[in-house]
Amino acid sequence: MNRAWKRKGVVSGVAAVAAALTACGSGNPGQAAEEGAVVDDLEIWVFSSSAPPVIKEGFATAFPDYDVDVVEIPIADLSQRLVVAMQGGDNLPDVVQLPLRESGGLFATGQFLDLTEELGPMEDDFADGILVGGNGEINAFTMGPGNMGLWVNHAALAEHDIEIPADPTWNDIVAVAEDLKAASGGTQYMFVQPPGANGANMYNAFFSSRGGSWWNQDGELAVDEDLAADTLQFMIDLDREGLVYHGVWTDATYWDAIRNQEIVGWTMNFGVGSTSLQHNVPEQSGQWRLVTWPKWSEGDDQRTGVFGGSLYAGLDGADNPAGARDFIMWWLSPEGLQAQADTLGLVSYSPAAEIIELDTEDPYFGGQQVVQELSSVPYPEFHFFHWPETEAAITAAVDQAYAGDITPEEAVAQIVEELGAL
Amino acid sequence: MSASGRRRSQKYHQSTPYLFIAPFFLLFIPFGAGSVLLALGMSFVDWPLGQSPELVGLDKFATVLEDPLFGRAMRNTLYMLVGFLLALLPLCLLVAVLLKQLRRRTANVVQVVIFAPITMSLIAVALVFDLLYNERVGFVNGILDMIGVGPVPFLSDSDLAPWSIIALRIWRVLGYYAIILFAGLQAIPDEFYEAAELDGAGAWQRFRHVTFPLLKPVTMFVLVASSIAAWELFAEVDVLTDGGPARSTLTAVMYIFGASFEQFDLGKGAAASVVLAFAIIVSTVVAHRLLRSDDRA
């Protein structure tokens, strides 16, 4: 045997051993690395700045057989980068973190890992609408679900001897807002209406909390138009009565308005409602309380609204599908659940309450068990199909309705007509 | 010099210009012309994410042209373009003429000051204007409040929002184009003005019959360059209004971006790009013709 053939033989042998160890790698976390064998690359794209340290410390420690590369990409650039990578067919990440709202259109392409086998048997452990996917597959579970709550500066209200009644309905909250308006001379607000897409999503949160949806689980248009119009009318009435602060939490002035007690109540999810509040206005610690999402009327079941969330999904054509599955499912291990609770607050996996401690008292909210209370309200079944178009249609119609150019009924008809043409 | 030496020298002189422009074409062919051709090709295919493209002829153009949103985006863009140009060109001329009246040292200082906005990051400028326009704490509304007006919903009123965007764009590019016109003004020999003055022409007549006609080539450049930039309006709108309220500031490029990177329909986005490019070419030809026909008259 000449030298060239010998070299080929050695290379083939090493490759065969490497392939065998790679195949075993995902089944026995940690084992391969302990034996000093093959390390698989696992590329993960994230937009959340809190994710990389958790992934590196938590997942990479639990699975040392993966060489984890976490690439942080601003949320505004993420979908462009992903589209270019998917269209090019190479340089695909193994896993990508996606905003829930953008996931519907992407999953419909059929280019994501089907996790039905892993997540299907666990379906009962998630609320309806938490497991998401396209083409009849389950591609991901929603993390940090956007359960909405009413965040209230309890101390600011107390200065006017105003209190939120126990187990309130929205009519009770409107009455409180009216009292506040009268007591403050119209300088303090219990409601916030942001402009543009955030305003549309705020309206959508109220609508979804009443069981409303634009699309059904099969991606067909399924709107209760009366419910949609009635909800929009409610929000427009708030505005007409001067009970609404117009602004958005991304404005530089927004947190000043909270600091100055101009905004003393607002409807929001955990991420912005609790995390950003504590980060931006630490001096108001102890003043704020969470009021779980009010009912529409006395006899109704309580149900929260949805304001987004995020998820991790694996790419079908990427190099390491086994690693992607390991990574996504790791978030449901005790360490992963704790990481979810630490970074996102809410955990959508119902057995989590028995595995990790979720009933911690939060001193910022006067010792209230905020995570526990927010999660205790049932999540709405809501489907984010065609969301860019849906959000754009809602935004335009809501803008016109707020401006008084069209009625809520006309606004909803306009949305339905636009979505029907898709 | 021998005959062969002369030939070499002649060849050298003939090829020199091409060497100077070669670096531009080395970049333009793959990244400029190549991208245009790629977009043109993509406009004839349906190319779902991660799958192979499929030829669909003119289907994507039909989808775009039948989409009322694209019509809306093009109308908005045209509206903001016309408003922008109608306000920009007279202002630029005025500033250029005023610059010419200043002493050289003063003019130099003023040029630096008015040129500065174009050097600033567009996103940063848009964020600053977002604060200036703010209804509650914005500087502009503060001033208006002092004279008993307002608050004016600069960005949340669908009639005002396009003009608020136009104002930002004018602030940003006014100095840049005014300096170009100023350079054109300086190239006009003083003898023409002296002759016109001897003929009894007043200030307006000197401007109309001397300045304006002789400044036409530069005005043409300003008109074409600013109108192309106006057709491509995106970043300011994305930051300030996101196309709202009620789609009153939705522009053609926002539509293209949405089709490509939010709806993941690259064929539709490419077809819309081709239509936009066609509109830019048509508007450039029209502007050119208008100024040239005026020349003949």
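Leaving aside neighbours within four places in sequence, Ser260(B) is in contact with Val83(A), Asp265(B), Leu266(B) and Gly269(B). Contact here means heavy atoms within 4.5 Å. Ser260(B) sits in helix α12 of chain B, residues 252–261. Helices (H or I, at least four residues) and strands (E, at least two) are DSSP runs, numbered from the N terminus. With a relative accessible area of 7%, Ser260(B) is buried. Buried means under 20% relative accessible area, exposed over 50%, and partly exposed in between (1.4 Å probe, protein chains only).

The model is predicted: local features need pLDDT of at least 70, side-chain atom pairs count only at pLDDT 80 or more, and totals for chains, interfaces and linings use all residues. Residues are numbered from 1 along each chain as its sequence is written, chains are lettered from A and ligands numbered from 1 in the order in which they are written, and side-chain values use heavy atoms, with hydrogens and water left out.

Val125(B) belongs to helix α5 of chain B, residues 122–133. Not counting residues up to four places away in sequence, Val125(B) touches Met120(B), Leu168(B), Trp171(B) and Arg172(B). The C-alpha atoms of Val125(B) and Glu236(B) are separated by 8.3 Å. Along the chain, these two residues are 111 residues apart.

Backbone geometry was examined next. Most residues other than glycine have a negative phi, and most peptide bonds are trans. The peptide bond from Gly244(B) to Pro245(B) is cis, with omega near -10°. Pro245(B) lies in the loop between α11 (235–240) and α12 of chain B. Arg247(B) is found in the loop between α11 and α12 of chain B. Its phi is near 60°, a positive value in a residue other than glycine. In chain A, Asp167(A) has a positive phi near 50°. Asp167(A) is placed in the loop between α7 (154–158) and α8 (170–184) of chain A.

Salt bridges were then counted. A salt bridge is a side-chain nitrogen of Lys or Arg within 4 Å of a carboxyl oxygen of Asp or Glu. Asp230(A) is partly exposed, at 41% relative accessible area.

Arg259(A) and Glu283(A) also meet through their side chains in a salt bridge (3.2 Å, N to O). Arg259(A) lies in helix α11 (residues 254–259) of chain A and Glu283(A) in the loop between α12 (270–280) and β10 (288–292) of chain A, so the pair ties together parts that are 24 residues apart in sequence. Both side chains belong to partly exposed residues: Arg259(A) has 33% relative accessibility, and Glu283(A) has 46%.

Another salt bridge is formed by the side chains of Glu418(A) and Arg247(B) (2.5 Å, N to O). Glu418(A) lies in helix α18 of chain A and Arg247(B) in the loop between α11 and α12 of chain B, so the pair joins two chains. Glu418(A) counts as partly exposed, at 23% relative accessibility. Arg247(B) is buried, at 11% relative accessible area. Salt bridges that share partners also join Asp256(A), Arg259(A) and Glu283(A) into one network.

Surface patches complete the description. Patches are made of residues with over 30% relative accessible area and no salt bridge; like charges are joined within 9 Å, and nonpolar side chains (Val, Leu, Ile, Met, Phe, Trp, Tyr) within 5 Å. A negative patch is formed by Asp224(A), Glu225(A), Asp226(A), Glu409(A) and Glu410(A). The elements giving two or more residues to the negative patch are α10 (225–240) and α18 (408–420) of chain A. Glu410(A), in helix α18 of chain A, is partly exposed at 42% relative accessible area.

A nonpolar patch of about 790 Å² is made by Tyr18(B), Phe20(B), Ile21(B), Phe24(B), Phe25(B), Phe28(B) and Ile29(B). Accessible areas come from the Shrake-Rupley method with a 1.4 Å probe. Ile21(B) is located in helix α1 (residues 3–42) of chain B. At 42% relative accessibility, Ile21(B) is partly exposed.

Note on methods:
Lys and Arg count as positive and Asp and Glu as negative; His and the chain ends are not counted. The place of a charge is taken as NZ of Lys, CZ of Arg, CG of Asp or CD of Glu.
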